[in-house]
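User: I am new to this structure and would like to go through it in short questions. Please show it first.

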Amino acid sequence: MEPTSTILIVDDDRDIRTLLADYLESNGYRTHGAADGTAMWKLLDETKPDLIVLDLNLPGEDGLTLCRKLRAHSNLPVIMLTARSEPLDRILGLEMGADDYLPKPFEPRELLARIRSVLRRSNAMPSGGVDKATQIRFSGWTLDLTARHLLNPDGVVIMLSGAEFRLLKVFLEHPNRVLNRDQLLNLTQGRDADPFDRSIDIQISRLRQKLGEDARVPQIIKTVRNGGYVLAGTVAVEPRT
């Protein structure tokens, strides 16, 4: 755990903000709270948090809208808080770029575990076969491991969420190898797959969109029936200097 990490809690329920702030601070984190999107944007500029805990149901702009706007220019990790009775909300949260989600009601220690996991992966140095790389090139695209963004064949920057970055990096570390959902979830989030967890499928769908892939006949991240997914093609690593 990074004891000096700062967490921004965005929830319109004052009691929840206070409860989470007290609990996270007792576990070594700094916290700030915001009741809506306006306060969130202000605190983002002032406090430079390391992660946002973002409630879906907010007054004014909801959490989905705020996550989508944030993801347009930042890969700051986001954990979405959603209603247990609305699985569609959890799916939409991942589609908008959230790194993880937690349905309400929840135990604060479970949120703490999710925060630690997301931060650990967000702060991790490149590993595996690309541990000495700064950039990885594939199919005309480039993943910049320092800036943590994607460059299209024309050199245009494509922002990735933390989850998308980790997933693409895992594929690039294992090119032309079929990876199933369990393996992908374990490699990107450090946990086993729930039988009903479709987060990997959602993240792959988002990656394909950002790679400009035709969902019916993808050429880069291909679906292997009854097997999983595979990144096809040649991968070139540009070493650190």
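User: Which residues of helix α3 (residues 63–71) are buried?

Analyst: This is a predicted model, in which local features need pLDDT of at least 70 and side-chain atom pairs count only at pLDDT 80 or more, while totals for chains, interfaces and linings use all residues. Residues are numbered from 1 along each chain as its sequence is written, and side-chain values use heavy atoms, with hydrogens and water left out. Helices (H or I, at least four residues) and strands (E, at least two) are DSSP runs numbered from the N terminus, and buried means under 20% relative accessible area, exposed over 50%, partly exposed in between (1.4 Å probe, protein chains only). In α3 the buried residues are Gly63, Leu64, Leu66, Cys67, Leu70 and Arg71.

User: Why do the buried residues of α3 line one face of the helix?

Analyst: The arc is taken from the directions from the helix axis to the C-beta atoms. An α-helix has 3.6 residues a turn, so residues three or four places apart point the same way. The buried residues of α3 line one face because, seen down the axis, they fall within an arc of 165 degrees.

User: Which residue has a side-chain oxygen that reaches the backbone nitrogen of Leu64 at the start of α3?

Analyst: A polar contact is a pair of N or O atoms within 3.5 Å; within protein, one must be able to donate a hydrogen and the other to accept it, and residues adjacent in sequence count only if both atoms are side-chain atoms. At the start of α3, the oxygen comes to within 3.3 Å of the nitrogen of Leu64, and it belongs to Asp62.

User: Which residues are buried in helix α7 (residues 181–189), and how wide is their arc?

Analyst: The buried residues of α7 are Leu184, Leu185, Thr188 and Gln189. They are on the same side of α7, because their arc around the axis is only 95 degrees.

User: Is Asp182 buried or partly exposed?

Analyst: Asp182 is in helix α7. At the start of α7, a side-chain oxygen of Asn180 is within 3.1 Å of the backbone nitrogen of Asp182. With 46% relative accessibility, Asp182 is partly exposed.

User: Which residues line the largest cavity?

Analyst: A cavity is a set of points, on a 1 Å grid over the protein atoms alone, where a 1.4 Å probe fits but cannot get out; lining residues have an atom within 4 Å of a point. Grid points are joined across faces, edges and corners, and a volume is the space filled by probe spheres set on the points. The structure has one cavity of 30 Å³ or more, and the largest has a volume of about 40 Å³. Its lining consists of Ala163, Leu167, Thr188, Gln189, Ile200 and Gln203.

User: Which elements give two or more residues to that lining?

Analyst: The lining of the largest cavity has three nonpolar, three polar and no charged residues. The elements giving two or more residues to it are α6 (162–173), α7 and α8 (199–210).

User: Where is Asp11, and what is its relative accessible area?

Analyst: Asp11 is in the loop between β1 (6–10) and α1 (14–26). A polar atom of the Asp11 side chain is 2.8 Å from the backbone nitrogen of Asp13. Asp11 is buried, and its relative accessible area is 1%.

User: How far apart in space are Trp141 and Val156?

Analyst: Trp141 is in strand β7 (residues 141–144) and is buried, at 9% relative accessible area. Trp141 and Val156 are 15 residues apart in sequence, and their C-alpha to C-alpha distance is 9.9 Å.

How values were computed. On a 1 Å grid over the protein atoms alone, a cavity is a set of points where a 1.4 Å probe fits but cannot get out, and a pocket is an open set with protein on both sides within 12 Å along at least five of seven lines; lining residues have an atom within 4 Å of a point. Ala, Val, Leu, Ile, Met, Phe, Trp, Tyr, Cys and Pro count as nonpolar, Asp, Glu, Lys and Arg as charged, and the others, Gly among them, as polar.
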